[in-house]
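Good morning, everyone, and thank you for making time for this. I would like to walk you through one model, beginning with the ligand and its surroundings and ending with a contact between side chains.

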Amino acid sequence: MSSVTMIGLGAMGLALARRLAHAGFEVRAWNRTAPKAGLQQPGGVRFESDLATAVLASPVVIICVTNYEAARAVLADREVALALKGKLLVQLSSGTPQDARDADDWARAYGVEYVDGAIMATPSQIGSAQAAILVSGLEDAWLKARPVLSPLAANVAYLGGPPGLAAAADIAILSYLFCALLGFYHGANVYRAEGLPIAAFGAMLEQLAPTLTQMVRHEADTITNDSYHEAQSSARIVAETADTMARHAQEAGIDREIPAFLANIFGKAVTAGLGEQQVAALFKILRGDHV
Ligand code: FVH
């Protein structure tokens, strides 16, 4: 499998295409619109203006566009669908597990092998030791996809047969990341308000990463083992700390939205009578048990 076709040359699609070309693949690429200014020299990637021609050129076709709606718009062309017959389609656009299941159904109907993937990396991380790609779908298809995905990320993890697994993990991980980023932006304002360098905050978080992720792991174990009553960090003490953070924001003249949100949501555990349980009791609140 030395030839790959890339559909979608946005920031991520272009990074994927360039990396595959660098790894020795013959890369054909198609994008809905002409390559953006400054991207006319895509580093060994050959543009095709006709999508069906691009698809016919390779046994493996990767699609990475804005979302599944965009992917469906691309694949709705019957000539393209027929060109994909007998080939492997690797979906790397972001979507929901249901999007992935629908795409898998579509692929079966057209005789296309299919794997669904989720990229855990920014475009500049593609091909690096920090990049990860999660994959789900039939094992035979995964085994064909693996040699193409391996140059793109040091960690390419196969999650199993149900096509929605990668999308489910993607949404769960992004929910963690996006909340962490909001916390970071608030924390960066705390640093700024006290005249501290924000770069030092980033460096400290990097240094503390093993400690912080061990805490997250402990939360997962608490939920899995239903051991909420063994509270090391109770929901009450976390809610009180969030109140302190909200008071600090007011004192420092920082927007209060993030700490006020935290105080409100952790406070719900206290109101529900779970204050003396491990803070992981918030999982039960978010599950909707106590509404
Ligand atoms: N960039 C990132 O950091 C994240 C990292 C994690 C994974 N995501 C997902 O990757 C998908 C593509 O993201 P992207 O960063 O490449 O996005 P854009 O630079 O905005 O490019 C979008 C491409 O999609 C094409 N497109 C959009 N709508 C359609 C359509 N209806 N028909 C055909 N193509 C369409 C667009 O084409 P054009 O506007 O240039 O003509 C771009 O090629 C995404 O799912 C992320 O969540 C990236």
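Around the ligand there are 21 residues, and the closest of them are Asn31, Arg32, Thr33, Thr66 and Ser94. Please keep in mind throughout that this is a predicted model, and that the distances I quote are computed from it.

In terms of secondary structure, helix 1, which spans 11-22, and helix 3, which spans 68-75, each contribute at least two residues to the shell, and the largest share, three residues, is the one supplied by helix 1.

Let me turn to individual atoms. Of the 910 Å² of accessible area that the ligand has on its own, the protein covers 72%, and the site in which the ligand sits is the second largest pocket.

Finally, the salt bridges, of which a search of the whole structure finds 10. One of them joins Arg72 to Asp99, with the closest N and O atoms 3.7 Å apart. Because Arg72 belongs to helix 3 and Asp99 to helix 5, residues 97-109, this pair ties together parts that lie 27 residues apart in sequence. As a general point, side chains of opposite charge can pair when their charged atoms come close.

Conventions. Residues numbered from 1 in each chain as written. Predicted model: local features only at pLDDT ≥ 70, side-chain atom pairs only at ≥ 80, totals over all residues. Heavy atoms only, no water. Near = heavy atom within 4 Å. Areas by Shrake-Rupley, 256 points an atom, 1.4 Å probe, with all protein chains shown as cover. 1 Å grid on protein atoms, 1.4 Å probe; cavity = no way out; pocket = protein on both sides within 12 Å on 5 of 7 lines; lining within 4 Å. Sits in = over half its atoms within 2 Å of the grid points. Helix = DSSP H or I, 4+ residues; strand = E, 2+ residues; numbered from the N terminus. Salt bridge = Lys/Arg side-chain N within 4 Å of Asp/Glu carboxyl O.
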